[in-house]
Amino acid sequence: MTATLTRAAATRLLAERLTREVVVSNLGQASLDLQQIADRPLNCYTYGAMGQCSSIALGIALARPDLRVVCLDGDGSLLMNLGSLCTIAAEGPRNYALVVWDNEVHQTTGGQPTATAAGADLTAIARGAGIEKAMEVRAEEELRRAYDRMLGEDGPFVVSVKVAKGRSEGRLDRDVVGHARRFRQALAALPR
Amino acid sequence: MADPSWSKHVADVLRRNGLRMFATVPDYIVSHVLEPLWADSECRVVTVTREEEGVGLLSGAWLAGQRGALLMQNSGLGNCVNALASLNVASQIPIVLVISHRGDLGEFNPAQVPMGQATGPILDALGIRSIRPGSIAELEAQGDGLIKLGYTRSLPVAIVLPPELTGGKQG
């Protein structure tokens, strides 16, 4: 089944709902979309350490249980760090939501298929790791409902969003040190 | 003969410098440091599935205002190299690494030796300042200064635990 949702449209729908949530985005396309659609100090862009996006977000969620943390990961990156799902399940942070843009390819490197193209089911893997609130989303209306749940209910959540293949236009702003500093300061300024 | 109180000294150096978040893939040696941390209600210890995950987790914790340390065997340092380079060094995110040094003096397992020899050069290649205290006195003399330097530079630092300090692992 070909996915019709785009990553940019799904990012836009999330951005409309954001208030004081932290958003951590995966290197490459996830960060590019987030920068272009809704750049804000409470965004934590990542540029390296492929696979670690969900772990970085977990560390933020554990250190700031008063804030909701949304992680925008990619299928290729999450597949590199599946153990992270077990750690998320074991720690059980209620303020944590992992959204996976699953386009079934390594988009940034030229579109080579990932294991999800061959049938690996990230939602089933997440459930197997012990995350009960794991769901796969294909349509916009489903996605809206999933966002409402993950921003309103106790987590942890895993929302795997089947999105269309394709690169986003534009160029990632790679102020690696500056963005980390801006994020840390914005977080420190938010009262607990 | 190593003084068995070494592990409490390591835990105390970490705690008195404000570290409260810990990630680990345990090994025989660092498990002795983990015991007082597990018993401390102010400290959170997260057992990760692979050391690299701990690098990500502690980096997130620091961005959210919390200091932390990753406790692991030096084999785990090998699992962390790219994350330390492309996340911590590139973005200037400090974390403390506490690394038990297998594969050096007295080692019984040939599989440990290559990483044992590579440990120092890997840290040096990443520009990660490290200490390798051979005694509790050396640990006490250098530990606070190392951690302070790490947060001043905003870069990772490493306390490497040699068998002279810990007694190593007997095979």
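How many bridges join β3(B) to β4(B)? In this predicted model, the count is five, and the two strands run parallel. One of the links can be picked out by eye: B:Q73 has B:S100 as its bridge partner in β4(B). That pair of strands is a handy place to start looking at chain B.

Zooming out, β3(B) and β4(B) belong to an open sheet of six strands, ordered β2-β1-β3-β4-β6-β5 in chain B and paired in parallel. At the edges stand β2 and β5 (129–131) of chain B; each has a single partner strand, so one side of each is left without a neighbour in the sheet. Going across the sheet, neighbouring strands are turned by 20° against each other on average, with direction ignored.

Helices pack against these strands. Helix α3 of chain B, residues 51–63, lies across β1, β2 and β3 of chain B and runs at about 170° to β3(B). Helix α6 of chain B, residues 136–153, also packs on the sheet, where it touches β4, β5 and β6 (157–161) of chain B. The direction of α6 makes about 150° with that of β6(B). Then there is helix α2 of chain B, residues 30–38, whose buried residues are B:V30, B:H32, B:V33, B:L34 and B:L37. As for what covers the buried residues of α2(B), the cover includes α1 (6–16), β1 (19–24), β2 (44–47), β3 (67–73) and β4 (96–100) of chain B.

Taken as a whole, chain B has seven helices and six strands. Reading from the N terminus, the elements go α-β-α-β-α-β-α-β-α-β-α-β-α. The radius of gyration of chain B is 14 Å, close to the 16 Å that the globule rule gives for 171 residues, so chain B is as compact as a globular protein of that length. Its C-alpha atoms fill a box of roughly 40 × 30 × 30 Å along the principal axes, and 47% of the 171 residues of chain B count as buried. Sequence distance tells part of the story too: among contacts in chain B between residues at least 6 apart in sequence, 74% join residues at least 24 apart.

Now for chain A, whose secondary structure comes to eight helices and eight strands. Here the radius of gyration is 15 Å, close to the 16 Å from the globule rule for 192 residues, so chain A is as compact as a globular protein of that length. The C-alpha atoms of chain A take up a box of roughly 45 × 35 × 30 Å along the principal axes. Of the 192 residues in chain A, 47% are buried. For contacts in chain A with a separation of 6 or more, 72% are between residues 24 or more positions apart.

Chain A has an open sheet of six strands as well, in the order β2-β1-β3-β4-β8-β7, with parallel pairing. The edge strands are β2 (43–45) and β7 (133–137) of chain A, each pairing on one side only. From one strand to the next, the twist averages 15°. Within the sheet, six bridges join β3 (residues 69–74) to β4 (residues 96–102) of chain A, and the two run parallel. For example, A:V70 is partnered by A:A97 in β4(A). Over this sheet goes helix α3(A), which lies across β1 (22–25), β2, β3 and β4 of chain A and runs at about 175° to β3(A).

So much for the separate chains; next comes where they meet. The contact takes 27 residues from chain A and 27 residues from chain B. On the side of chain A that touches chain B, α3 (53–63), α5 (83–91) and α8 (176–189) of chain A each supply at least two residues. The largest share of that side, eight residues, comes from α3(A). By type, the residues on this side of chain A divide into 16 nonpolar, eight polar and three charged.

Finally, there is the inside. The largest nonpolar core has 101 residues, and those touching the most other members are A:V24, A:A57, A:I60, A:V161, B:L70 and B:V98. Helix α3(A) gives the most to this core, with eight residues. Leaving out residues up to four places away in sequence, A:A57 touches A:V24, A:V69, A:C71, A:Y96 and B:G60.

Note on methods: Residues are numbered from 1 along each chain as its sequence is written. Chains are lettered from A and ligands numbered from 1 in the order in which they are written. This is a predicted model: local features need pLDDT of at least 70, side-chain atom pairs count only at pLDDT 80 or more; totals for chains, interfaces and linings use all residues. Helices (H or I, at least four residues) and strands (E, at least two) are DSSP runs, numbered from the N terminus. The radius of gyration is taken over C-alpha atoms; the globule rule is 2.2 Å times the number of residues to the power 0.38. A residue is buried if 20 or more other C-beta atoms lie within 10 Å of its own, exposed if 12 or fewer, and partly exposed in between; C-beta atoms are placed from the backbone. Two residues are in contact if their C-beta atoms, placed from the backbone, lie within 7 Å. Ala, Val, Leu, Ile, Met, Phe, Trp, Tyr, Cys and Pro count as nonpolar, Asp, Glu, Lys and Arg as charged, and the others, Gly among them, as polar. Two strands pair if DSSP finds at least two bridges between them. Axes are lines fitted to C-alpha atoms, for helices over the stretch in contact, and angles run from 0 to 180 degrees between N-to-C directions. A nonpolar core is a set of buried Ala, Val, Leu, Ile, Met, Phe, Trp, Tyr and Cys residues joined through C-beta atoms within 7 Å.
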